[in-house]
Amino acid sequence: MSFDKVTRGEKLPALKLAVVQYAILALILALSAGLWRLQILGAQNFRMLAEQNRIRKVPILAPRGKLFDRENRLVVDNYPSVSCFLVREQNRKVDEDLPMIAHGLHLNLDQLKATLHKYRLSPGYQPIPIKEDVTADEQAFIEAHRNELPELETIEGERRLYPRDGYASHLIGYVGEVSEEDLNQTRYAAYEPGDVVGKGGVEEMYDQVLRGQDGSRDVIVDSHGREVGFLGIQHAVPGQDLKLTIDNDLQKAAELALGDRNGAIVAMDPRNGEILAMVSRPSFDPNLFAVKIDRGEWNKLITDPDHPLMNKAIQAQLAPGSTFKILMSVAGLQEGVAQSMHVNCAGGWGPYGYFHHCDEKHGAVDIHNAIPFSCDTFYYQLGDKLGIDRIAKYATAFGYGQKTGIDLPGEQAGLMPSQRWLMKNYHRRWYPDETLDVSIGQGAVAATPLQLVRIIGGIASEGRMVRPHVVAPDQLPAEFRKDLYENLPGTADAQLPIDPDNWQTITDGMAAVTQPGYFHTAGSAHLEGIDLAGKTGTAQVMSHEALGKTNKGHHTLPNVWFVGVVPRRNPELVIAVLWEHGEFSYYPARLGARIVAAYVEKQRRLQNNLMPVKTPNPKPVEVGAVWTTPNPAASTPGEPETKVQAGKFYVGANGALAGGPSGKPAVASKTVSVAASAPKNPVQSGSKSSPPLAISTQIKSNKPGQQESQSARLGAQPALPGKPTQVKSQ
Amino acid sequence: MSQMRRFMSFRDFDWTLFGLVAGLCVVSVLEIYSATLHTKYVGFHTRQIYWIAGGTIAMFILSRIDYHKLIDFVPWVYGFFLFALMLVLIPGIGHKALGARRWIKLGPLGLFQPSEWMKLVMILAVARYFANLGARNLTWKEIGKGFALVGVPMLLILKQPDLGTSLTYMPVLIIGMFLGGINLKQASILIAAGIVLVVGGWSSGKLLKPYQKARLTGFINPDNDPRGAGYQVLQAKIAVGAGGIWGKGAEKGTQTQGAFIPIPHADFIFAAYSEEHGFVGAVFVLLLYFLILMRLIQNAQTAADLPGSLIIMGIVAVLTFQIAVNVGMVIGFMPVTGIPLPLMSYGGSSVLFTFLALGVVMNIRMRRFVN
């Protein structure tokens, strides 16, 4: 049907339009009547409601999850504390009260005004936190001025209490009020201004798990701030406690070993990637952040040239120096180049016109003594034979220039140069001479202490690379864990192929490093009876030429490294020590040795601990017994008066008779004839055999497991130190 | 059709109607300024001015295009928007926000909401349909086709879910049928069926999402749940009531300024306005609406032909419905549905729709003497 057919000039019936008009009039009148009812008849009532309309949302703060070490010893605690909030009234000018509030609560007036300004956009009933950790006299001030300052509200909550002296501060991180920049990011979408969030370390990475969920009470208050009605409650969900992988004993040893030297120490279990200790210096006090940090303190922290907020264990990217020779040895041996190399070290090597120095004139050097001597000449030539790209291939596979994927924020990737990297970033070709610098861990190559720990640990563990972590993943909610681990960068767990001969050669060489010996670089770090295999490193911060021109000072001294594993086969502990501007590489080796000593001593103490192990044996124990019974045929001449019997019983953990493992009768006994003529064998019943059984049960069920295991352990652990300690992980 | 461009000038433009609309727009901008003063929407009144200016230009442009051409094209446009409404529901294409899939992303052009545009298309399509039938007695088959014409897009929009916009289409059909010649018997049967459907749909629970149900129950008894769905209704009522006869004055409404009224510049602007300007102000605005609607109906009466009248009456139906539902919501007669108050609420799409609709009205009025 086309539109043209429609008759023009046709009109709608006027009656129907009039109906519509009247309907609209009726509607408008009905709406006006509704307005009349509310605004004229109900005005007084509604005006009063509007006056009293003070629905307050009183927050119930969720306690944050505590942090424990691997043996469930408390590391980070909470303490009860009172906070003061300001609730804006819709018909009051709060601004007039501010000077009085600032005076009573010892606040800076400008800062208070700035806080209020930050909340100008949030709804009127949302309380603004203005003072945390309210003291007793401030609380008294609030109570005394209830009538003049009804907008003040106090709330009890819990605050963070961190260990003193910056203990593990970089690993733990700190908490603070969420910043306005943070709120604009998607990961903070669920946060509101004033929320406390974790910043740095575990506090930041696991904030979602630790923070729990704040609850609130919705109450109606009168114009004096007194509660007159209660609308509902939303309970707070406390945050989850977390167990860290660090060992307080080892952490303490590491903290004390590094002292006030700038640098970092990382200790890890190379079998599973658990970080046992992590120290960075200089340190800071996270407690300063728990309550609002003073601006002066903050400026001092961020302008300090030593970067106290930086976690050097994962963020310092420095030349690894001679510790890189371990990777060079792997590459050389795997490529089949290093085995046959015999080098005469005459104090350096310089085939490309520039002479590269070695520390000593080592004479004849091969792969076996190149590591303990740390002979640069040997590695110059090895690097030259391999070429930069083969070195880079191995280095990248083992994790140089790659994040380890540790569960801490802000990890740095370091750098592993290659021909492509140089072309891409500096648009020039690689000179073979530059390979020589890289071969001894200088030049552009840079690594973090954590990277070294993972790489050295992996090489010593037959190429089994692990993802380092500070919180055991099994305690995390499944969804959070999946989300976290999918988003962490890095290569995670991997098995890299290394010939057993090759890693044994390398770890044997590393073991010789800490043995006393001529040219051995860390003989002074030798620990009697401990199989510590390590490698030192000295990384120049300036070239020799530049060094000649400047005034020598602390900042021109080389950074020194030590990496080590214990024991050399199937290591249980790997450590990396970095001392910035520490000058001599046997210094960090000694620091490392202290941590290793603390570790081994703890393991030995635990193993030699004679406290009974309480493990009831759940399986029935098989018990043998011999006893006599009256001979029923005693009257017959020639027969003995009693018969000797032997039997086998199964005894349960509680000492009672239990069924046999295969469901056989509990008692199976055999009559052993002492006499010449054997009578028929009567099968003994359980009740008859109980007296002897009880005795044997007593003996067997209390002692066995223990004594055996005890003696077995003692046997396996000779008192002589010198063998690698066999350790059971905690 | 060639003789149609005989004589047309802006003298025939409905300046009275335009004056009434402009008056309402001034009230709207002032109240948006006052209501957003202490919120994060501060400054939205200038944006509203831009929208009104843009809408006015669009209105003048649309008034130049002969509405018969619009009606000729309407089947194609209807088909296009029906297709767009289906596209919106496909997860990869439809953009989801606030729990509903209502938009298609058009790159730099922003978001495109087919259901808003469909409103105007629907008015034209329904007018075309019933005009073609000659506005005489309708058969059941013809009524059924009318239901399909409106019902299919309604169901698609309900699926988004967007109850408010979907319900806006209903009055277009109702007025179309009423003016298109439905008889009393048919009407009674349809009303009875409608009641059965609503009651059945409510109890089966499939038709409405839980939040939609909560809004409806919250409306019936707001004191039960003052912090939840009923909270908005209760606070709006308190605001209106506290306004009294003369109101508390601009920028002085405690409910408005204290952020107790939700979105005081958009859906609940009438609550904010009523608090600050009282019964007198509120009735003044209702009077403006009444005059605008009466003026529209007068234009429908004087229109040159049946389609012109039906289009204007469709527009009257949509505007009346929006006013009734929005003001009814604010004063506690109706549940919260998210339907804006035309020409008062802040929002580009609402302003644009109203001005485009007015453009069509002007269009029809300017051609009233053509034959």
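Which buried residues does E11(A) have on one side, and which on the other?

Analyst: This is a predicted model, in which local features need pLDDT of at least 70, side-chain atom pairs count only at pLDDT 80 or more, and totals for chains, interfaces and linings use all residues. Residues are numbered from 1 along each chain as its sequence is written, with chains lettered from A and ligands numbered from 1 in the order in which they are written.

Start with the strand itself. E11 of chain A spans residues 263–269. Helices (H or I, at least four residues) and strands (E, at least two) are DSSP runs, numbered from the N terminus. On one side of E11(A) sit Gly263(A), Ile265(A), Ala267(A) and Asp269(A), all buried. A residue is buried if 20 or more other C-beta atoms lie within 10 Å of its own, exposed if 12 or fewer, and partly exposed in between, with C-beta atoms placed from the backbone. In a regular strand the side chains alternate between the two faces of the sheet.

Now its partners. E11(A) and E12(A) pair in the antiparallel sense over seven bridges. Two strands pair if DSSP finds at least two bridges between them. Gly263(A) has Arg281(A) in E12(A) as its bridge partner. E11(A) and E12(A) form a hairpin with four residues between the strands. There Gly273(A) takes a positive phi near 80 degrees. E21(A), residues 573–579, is joined to E11(A) by six bridges, and the two run antiparallel. Here Ala267(A) stands opposite Ile575(A).

Five strands of chain A form an open sheet in the order E12-E11-E21-E20-E19, with antiparallel pairing. Its edges are E12(A), residues 274–281, and E19(A), residues 533–539, each of which pairs on one side only. The twist averages 5 degrees from one strand to the next. Ala533(A) stands opposite Val565(A) in E20(A).

Ile391(A) is in H17(A), residues 388–398. Ile391(A) is buried, because 26 other C-beta atoms lie within 10 Å. Leu327(A) is 64 residues from Ile391(A) in sequence, and their C-alpha atoms are 8.3 Å apart. Leaving aside neighbours within four places in sequence, Ile391(A) is in contact (C-beta atoms, placed from the backbone, within 7 Å) with Met328(A), Ala331(A), Gly383(A), Leu386(A) and Val438(A). H18(A), residues 419–426, has zero of its eight residues buried, so this helix lies largely in the open. Just after H18(A), His427(A) takes a positive phi of about 55 degrees.

Chain B has 13 helices and three strands. Buried residues make up 50% of its 371 residues. Among contacts in chain B with a separation of 6 or more, 69% come from residues 24 or more positions apart.

Take one helix pair there. H11(B), residues 269–302, and H12(B), residues 306–330, pack at about 165 degrees, with their axes 10 Å apart. Axes are lines fitted to C-alpha atoms, for helices over the stretch in contact, and angles run from 0 to 180 degrees between N-to-C directions. H11(B) and H12(B) are therefore roughly antiparallel to each other. Angles under 35 degrees count as roughly parallel, over 145 as roughly antiparallel, 65 to 115 as roughly perpendicular and the rest as oblique. The contact of H11(B) with H12(B) has 15 nonpolar, four polar and no charged residues. Ala, Val, Leu, Ile, Met, Phe, Trp, Tyr, Cys and Pro count as nonpolar, Asp, Glu, Lys and Arg as charged, and the others, Gly among them, as polar. Residues meeting across it include Leu293(B) and Ile297(B) of H11(B), and Ile312(B) and Val316(B) of H12(B).

H11(B) also links the two chains. H1(A), residues 14–41, packs against H11(B) at about 180 degrees, with the axes 11 Å apart. That makes H1(A) roughly antiparallel to H11(B). The residues of this contact divide into 18 nonpolar, six polar and no charged.

Key
Two residues are in contact if their C-beta atoms, placed from the backbone, lie within 7 Å.
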